[in-house]
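This report concerns a predicted model. It treats an interface, a sheet and the arrangement of chains in turn.

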Amino acid sequence: MNSRTEHAPIIQMKNIEKHFGSVIALAGVSVEVYPGECHCLLGDNGAGKSTFIKTMSGVHKPTHGEIHFEGQEMHFADPRDAISAGIATVHQHLAMIPLMSVSRNFFMGNEPTKKVAGMSFFDHEKANRVTMEEMRKMGINLRGPDQAVGTLSGGERQTVAIARAVHFGAKVLILDEPTSALGVRQTANVLATIDKVRKQGIAVVFITHNVRHAMAVGDRFTVLNRGKTLGTAQRGQITPEELQDLMAGGQELVALEGSLGGTV
Amino acid sequence: MNSRTEHAPIIQMKNIEKHFGSVIALAGVSVEVYPGECHCLLGDNGAGKSTFIKTMSGVHKPTHGEIHFEGQEMHFADPRDAISAGIATVHQHLAMIPLMSVSRNFFMGNEPTKKVAGMSFFDHEKANRVTMEEMRKMGINLRGPDQAVGTLSGGERQTVAIARAVHFGAKVLILDEPTSALGVRQTANVLATIDKVRKQGIAVVFITHNVRHAMAVGDRFTVLNRGKTLGTAQRGQITPEELQDLMAGGQELVALEGSLGGTV
Amino acid sequence: ATVASAEGEKYILVSHAPDSDSWWNTIKNGIALAGEQMGVEVEYRNPPTGDLADMARIIEQAAASGPNGIITTLSDYDVLSGPIQAAVDSGVDVIIMNSGTPEQAREVGALMYVGQPEYDAGHAAGLRAKGDGVGSFLCVNHYISSPSSTERCQGFADGLGIDLANQMIDSGQDPSEIKNKVLAYLSANPDTDAVLTLGPTSADPTLLALDENGMAGDIYFGTFDLGEEIVKGIKAGTINWGIDQQPFLQAYLPVVVMTNYHRYGVLPGNNINSGPGFVTADGLTLVEKYAGEYR
Amino acid sequence: MSDAPNAAAGGDERIKQRSKFREAMIRPELGGIVGTAIVFALFLLFAFDSGMFNSQGIMNWSQVSAQFMIIAVGACLLMIAGEFDLSVGSMIGFAGMMIAIFSVTLGWPVWMAIITAFILCIALGALNGFIVIRTGLPSFIVTLAFLFILRGFTIYFPQTIERKTIIGGIKDVSEGDWLAAVFGGKILTGFFQWMGDAGIIAVFERGSRAGQPVVDGVPMLIVWALILVVLGHILLTKTKFGNWIFASGGDAEAARNSGVPVNRVKILMFMFTAFCACVFATCQVMEFGSAGADRGLLKEFEAIIAVVIGGALLTGGYGSVIGAALGALIFGVVQQGLFFAGVESSLFRVFLGVILLGAVILNTYIRRIITGER
Amino acid sequence: MSDAPNAAAGGDERIKQRSKFREAMIRPELGGIVGTAIVFALFLLFAFDSGMFNSQGIMNWSQVSAQFMIIAVGACLLMIAGEFDLSVGSMIGFAGMMIAIFSVTLGWPVWMAIITAFILCIALGALNGFIVIRTGLPSFIVTLAFLFILRGFTIYFPQTIERKTIIGGIKDVSEGDWLAAVFGGKILTGFFQWMGDAGIIAVFERGSRAGQPVVDGVPMLIVWALILVVLGHILLTKTKFGNWIFASGGDAEAARNSGVPVNRVKILMFMFTAFCACVFATCQVMEFGSAGADRGLLKEFEAIIAVVIGGALLTGGYGSVIGAALGALIFGVVQQGLFFAGVESSLFRVFLGVILLGAVILNTYIRRIITGER
Ligand SMILES: Nc1ncnc2c1ncn2[C@@H]1O[C@H](COP(=O)(O)OP(=O)(O)OP(=O)(O)O)[C@@H](O)[C@H]1O
Ligand SMILES: Nc1ncnc2c1ncn2[C@@H]1O[C@H](COP(=O)(O)OP(=O)(O)OP(=O)(O)O)[C@@H](O)[C@H]1O
Ligand SMILES: [Mg+2]
Ligand SMILES: [Mg+2]
């Protein structure tokens with residue numbers, strides 16, 4: 001797996017800074033992501049992980065710094081640009097609309113069309129068929145494709161969002177804490193999906209607070225701390241305990257760990 | 001710790017059912033919680049955990065079933081009743097108001113008052129002092145007590161909510177997935193807090209999807225599945241692997257675990 | 001026998017005024033009384049917000065419901081002539097009241113016109129005021145979007161032989177705002193000779209305003225349309241005159257005329273000008289008693 | 001410890017059975033459909049012989065309903081996209097006044113006046129939308145400001161230019177104008193003449209038009225209403241853009257993150273609402289031949305009421321054009337029907353309020369059932 | 001791999017420095033304060049010698065502003081609690097009409113008429129709130145329905161009972177009534193007489209009141225406005241209940257879960273808004289001696305505008321009573337000032353719209369800075 005680093009990176013983030021008013025959320029972060037690797041982004045709450053991937057996916061424009069995608073510098077004006085370049089994102093706060101049906105949500109922004117009399121219409125039939133199929137693949141049996149997303153549980157919604165991102169291919173798939181609200185079974189599902197996607201040569205950026213989830217699928221690990229990167233480690237070069245220490249910003253957890261036993 | 005089961009339970013939920021329109025969220029769940037124990041509530045997404053603790057904290061009225069608190073049957077009309085009986089809850093979807101200051105949020109519903117000329121006014125001074133103190137105890141340094149909650153990170157907000165519940169004592173503290181969005185350090189903090197609270201003789205109900213978090217602090221484990229309970233186990237009577245199997249609703253994770261290694 | 005069988009005719013009066021305009025109350029009372037006396041069925045209709053386009057629909061609606069006659073105002077010839085003509089052509093007799101001109105009434109095929117031509121009334125008032133030595137004035141227009149209100153002010157200005165210019169203010173309908181706007185105007189333009197109000201809505205607060213700034217009785221004050229407070233003002237000498245267009249007649253007469261026309265085929269040979277009549281401090285007793293109800 | 005894991009992954013055993021019939025009935029338009037049925041039943045019962053259902057009567061409430069429909073379609077799509085427009089009424093007054101000033105005062109050809117008014121209105125709609133998007137302010141406030149600004153100009157312009165608040169004489173200048181006919185003309189006149197001759201509908205008894213049928217064609221107003229409803233419905237339910245409208249109103253942030261061009265959708269919907277207001281104004285001006293400064297007062301509320309009666313959600317993301325059209329129909333029939341039924345006219349507002357309240361409560365329960373909302 | 005974990009837990013090094021002065025300036029009322037300063041500066045410059053700032057002129061715009069303040073306080077607290085009341089204007093008309101009917105037509109003592117009107121209004125406010133809470137409908141719709149219903153009754157009652165829509169003669173019956181004086185009287189008359197005598201303020205030179213001071217006291221209207229503003233401010237910022245108001249508007253669900261009796265708070269705020277509307281109506285009726293069916297038209301918007309100019313958030317959870325009062329002051333001063341300055345009066349609405357827009361944009365930026373909103 002480490003051999004992948006010899007390829008050209010598909011996305012290079014160079015010295016990214018992001019300020020919100022008087023808050024400096026990112027103070028110069030550089031990360032490279034290679035095709036076919038699962039790059040874990042780790043770090044404390046408020047370290048700037050979400051902000052970082054949002055600059056990657058076109059939601060925020062970086063205050064300073066450059067984004068190179070497939071070797072070329074890119075300036076994403078909005079998420080649409082990033083999506084059409086091939087960067088799909090499942091955001092931490094869901095990208096689902098409760099009042100809309102599952103199939104409308106699934107294809108939101110990527111509606112399939114069919115031509116009738118020269119005009120293009122939303123192809124509901126195709127949308128419904130694909131949605132049912134994809135959801136079945138993820139282990140969720142819907143009452144019907146027109147069931148409103150609002151009637152799904154949080155975990156089910158998360159699964160829809162991931163299924164959607166996976167379905168629309170993309171060269172880079174960004175997942176912001178996709179497993180944080182999921183049950184054991186759903187988590188296993190998502191991790192397996194990440195594994196599958198990675199093996200197809202897609203680059204995955206995976207944010208999590210759970211060391212075990214990171215170790216289970218990650219190829220490389222970048223740790224952010226207070227808007228700066230603490231560096232990137234290869235799989236096998238770092239133990240879970242070291243990683244956990246880094247994620248906590250290097251602060252001691254010893255007192256705790258004594259009474260609570262091992263990594264959390 | 002197991003000796004605690006010889007005490008009388010502080011809260012007894014008997015055969016609770018809850019229907020939402022045509023959805024049966026709980027189909028008869030019975031659980032007993034003892035003072036000084038940490039009772040973990042586990043289960044798949046949509047198993048009904050949140051619904052269950054919401055009936056406990058007065059948000060929902062059960063369709064059928066009885067709630068006994070300190071031996072007496074209770075009918076909570078709204079969360080106020082439960083709170084004044086001594087049941088404090090940190091809900092899965094935060095109970096913080098972004099536009100309000102931290103100290104106003106902290107004391108929301110429990111405002112300290114002082115008498116001036118016979119009339120009682122909100123005691124801002126005391127509120128600010130207590131808030132700063134409590135937040136410092138939890139490891140969060142605020143810019144000031146009148147900082148708006150909206151400027152805190154998700155993890156920090158969660159911490160405020162827990163600090164609040166702990167501060168207002170209560171005999172039962174319910175935490176619905178308090179650690180799901182937290183970083184390693186914050187998680188360790190919350191777990192330590194649970195441990196501390198439990199040792200003060202308070203009953204804690206702790207919902208999580210993370211087996212390790214459950215094993216770290218739990219005394220007893222109840223697993224819900226599709227609105228029914230799969231039973232309650234004592235600490236020491238069950239291995240993490242067994243527990244994880246139960247949480248996933250007994251479905252096989254073998255295929256996955258092969259490639260991903262061990263519990264997730 | 002023919003009389004008995006003819007009884008129970010149905011007449012509908014359509015006005016252009018919004019629901020809340022108090023002046024139209026007298027009209028309602030007028031048709032109610034006429035209906036009672038003549039033994040006919042009368043109905044009052046108006047567009048709730050005063051939108052004339054809605055009024056056109058109401059006339060069409062009235063025609064569709066097949067009454068014997070429609071009594072309506074003609075406050076905008078362009079908008080209303082079509083529906084009125086259609087009503088006439090489908091066999092419903094129409095009398096124009098209140099606004100519009102006799103010529104317009106003839107053009108749409110109405111039987112007659114009962115009312116007070118607004119511009120002429122304003123003009124007459126202007127001439128009268130000019131005779132009393134007025135050289136500048138304030139017109140308090142509480143219904144600026146209605147053309148007839150503007151015509152009154154314009155007529156008054158022309159009667160005085162001066163330019164209307166900035167002397168008309170859009171006062172709105174809230175009494176406190178009217179009062180304070182009048183106060184503000186008068187304090188910014190202390191040389192104003194006269195005040196002209198267009199009805200009780202603007203006259204009542206203006207009275208209070210003059211009371212408050214001490215100009216009551218001192219400044220020349222004329223108003224259109226009567227009301228309780230206006231009558232008191234005339235009596236007290238604060239108001240020099242009120243122009244009464246006698247709305248009662250505008251409502252009462254058409255019903256009587258039409259009923260008799262339908263029963264006996266008789267019709268007056270001319271239009272009826274119900275105003276302008278100047279009401280001054282002399283002979284106020286009856287006016288006082290029925291102000292706002294029949295006056 | 002028990003050990004009974006459940007079988008298949010489907011959640012079926014936890015969902016009570018729901019009959020096929022009930023499934024079929026539960027749609028956003030249901031409230032509108034039920035309401036329409038009730039309203040017609042009541043008026044057929046109480047006002048049948050008042051002339052409400054003869055040819056003239058039908059034309060009367062149809063025209064009123066068509067008016068409401070034109071603005072309701074715009075308001076409906078905008079509301080589903082998550083925004084509001086309180087300036088619709090003022091826009092109607094403004095558009096009409098512009099047409100009158102251009103064509104009568106300035107003497108432009110009528111088609112040019114109409115086209116210019118449309119361009120102006122659509123630009124104002126875009127400005128509304130642009131301000132809402134750029135500042136992130138609620139559209140309630142922004143369009144409330146425009147409500148005042150536009151009404152102010154609608155009174156100011158004619159008063160300074162023409163010294164009156166109504167400008168007439170448009171009938172004369174629009175004689176023979178091709179575009180004026182598109183808004184003020186009538187279609188199917190031959191058919192109605194034939195019906196009149198055949199005695200199916202009544203004819204005028206006297207006057208210059210004796211012998212002509214009392215209803216001599218379908219006004220373009222109604223044609224516009226139907227066209228807009230059909231187009232709006234197709235746009236909303238059958239196209240990609242329709243999905244974007246729902247998404248923008250349901251959760252703008254989520255939609256944006258999924259690549260929906262939310263800003264563009266919202267601004268376009270503001271422009272469409274302005275377009276509908278301008279259609280309304282043009283039809284009115286062409287039919288009545290004059291423009292007044294008080295035209296369109298409170299129409300914004302009437303549009304919102306029709307849309308809400310038709311089952312749309314005030315907060316966006318949910319609704320239907322067909323529902324809004326039915327809401328407009330209910331509104332129009334009730335308004336005119338109360339006149340036909342001879343109800344004391346000051347009670348009209350009371351009825352309106354009660355119907356509004358009843359309709360939204362009904363719709364809320366229907367929607368809760370559909371979306372399984374909490 | 002680098003190894004530089006940061007020291008203390010405080011997030012300070014990631015926050016750029018902010019000056020003490022800026023910190024102190026940043027408060028919800030700032031928009032209102034700045035706006036007030038600008039407005040006064042402008043009018044002092046352009047209308048100083050128009051009489052706007054002599055004793056009479058000051059009393060003039062003070063009274064108009066006081067009116068706005070009375071309804072703005074109610075609307076402000078309600079809006080912070082997350083709800084809206086569009087029925088305020090109709091409530092004003094209704095309350096006034098009830099007082100007139102009770103006292104003049106039915107001949108009750110005036111104090112009894114006033115108290116009954118208050119009870120009625122507060123009950124209607126409670127009904128508004130109750131419906132909003134129970135059905136979960138947006139208050140926009142519910143109170144819109146009441147806007148129509150109440151206005152309908154306000155026209156219907158006097159018309160069927162008295163055959164007119166303005167009921168006068170209240171001055172006569174309220175002579176010497178203790179409660180009437182609380183709403184319609186003036187205070188500090190002696191002081192003003194003294195000031196007049198001492199030449200500090202002008203006295204009438206001619207007319208019926210020659211020799212009296214041009215301003216002869218402070219009307220109770222202004223007293224009520226000040227009392228309500230002060231009480232509202234204390235309630236909101238200094239009491240437990242105030243915290244509940246913020247919480248209910250910020251996030252009703254979260255507040256409910258924390259044990260805040262949200263339903264009670266909201267219903268009480270609807271009742272308080274109705275109370276304010278009734279104070280407004282009573283002052284007006286006592287001052288003018290008559291009640292009209294058209295009183296209070298559009299007042300709901302004016303209240304909302306004042307509140308929004310004063311920095312409150314339309315969606316609830318944020319705002320200040322002082323801000324709302326300043327908003328009312330700005331509104332009143334601009335409205336009257338334009339007359340003093342002799343601006344073409346039909347342009348008033350244009351100014352109003354522009355000021356509204358400018359004020360909210362200013363406020364939004366201020367709020368973003370305070371709350372660090374995204
Ligand atoms: N739009 C914004 N405006 C102002 N501050 C912001 C904004 N977005 C993020 N921040 C701040 O930037 C910092 C980084 O936030 P971010 O959400 O990226 O953290 P994170 O690493 O994703 O944390 P978590 O693990 O809790 O999700 C935080 O201090 C946050 O308060
Ligand atoms: N108010 C409601 N109306 C309708 N259905 C509901 C409501 N609340 C919960 N449900 C349904 O009840 C079931 C249980 O939901 P609940 O939120 O209790 O699950 P949970 O165990 O907390 O899941 P998670 O781990 O994802 O938080 C789900 O199918 C959910 O869709
Ligand atoms: Mg994050
Ligand atoms: Mg849950």
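## Interface of chain A and chain D

Contact between these two chains, defined by heavy atoms within 4.5 Å, takes 28 residues from chain A and 34 residues from chain D. The area buried between chain A and chain D is about 2,400 Å², with carbon and sulfur atoms giving 57% of that area. Buried area is the accessible area (1.4 Å probe) that two parts lose on being put together, summed over both. Eight residue pairs, both residues at pLDDT 80 or more, are in polar contact between chain A and chain D. A polar contact is a pair of N or O atoms within 3.5 Å; within protein, one must be able to donate a hydrogen and the other to accept it, and residues adjacent in sequence count only if both atoms are side-chain atoms.

On the side of chain A that touches chain D, helix 2 (79-85) and strand 8 (119-122) of chain A each supply at least two residues. Helix 2 of chain A gives the largest share, three residues. Helices (H or I, at least four residues) and strands (E, at least two) are DSSP runs, numbered from the N terminus. By class, this side of chain A has 15 nonpolar, eight polar and five charged residues. Ala, Val, Leu, Ile, Met, Phe, Trp, Tyr, Cys and Pro count as nonpolar, Asp, Glu, Lys and Arg as charged, and the others, Gly among them, as polar.

## Sheet of chain A

Chain A holds an open sheet of six strands in the order 6-9-10-3-11-12, with mixed pairing; two strands pair if DSSP finds at least two bridges between them. Strand 6 (87-90) and strand 12 (228-234) of chain A are the edge strands, each pairing on one side only. The twist from one strand to the next averages 15°.

Strand 9 (residues 172-176) and strand 10 (residues 203-207) of chain A run parallel and are joined by five bridges. Asp176(A) has Ile207(A) in strand 10 of chain A as its bridge partner.

## Chain arrangement

Eight pairs of chains are in contact, and chains C and D share the most contacts. Chain A and chain C do not touch, their nearest C-alpha atoms being 37 Å apart. Chain B and chain C are likewise without contact, and their closest C-alpha atoms lie 37 Å apart.

## Conventions

Residues are numbered from 1 along each chain as its sequence is written, and chains are lettered from A and ligands numbered from 1 in the order in which they are written. In this predicted model local features need pLDDT of at least 70, side-chain atom pairs count only at pLDDT 80 or more, and totals for chains, interfaces and linings use all residues, while side-chain values use heavy atoms, with hydrogens and water left out.

Note on methods
Axes are lines fitted to C-alpha atoms, for helices over the stretch in contact, and angles run from 0 to 180 degrees between N-to-C directions.
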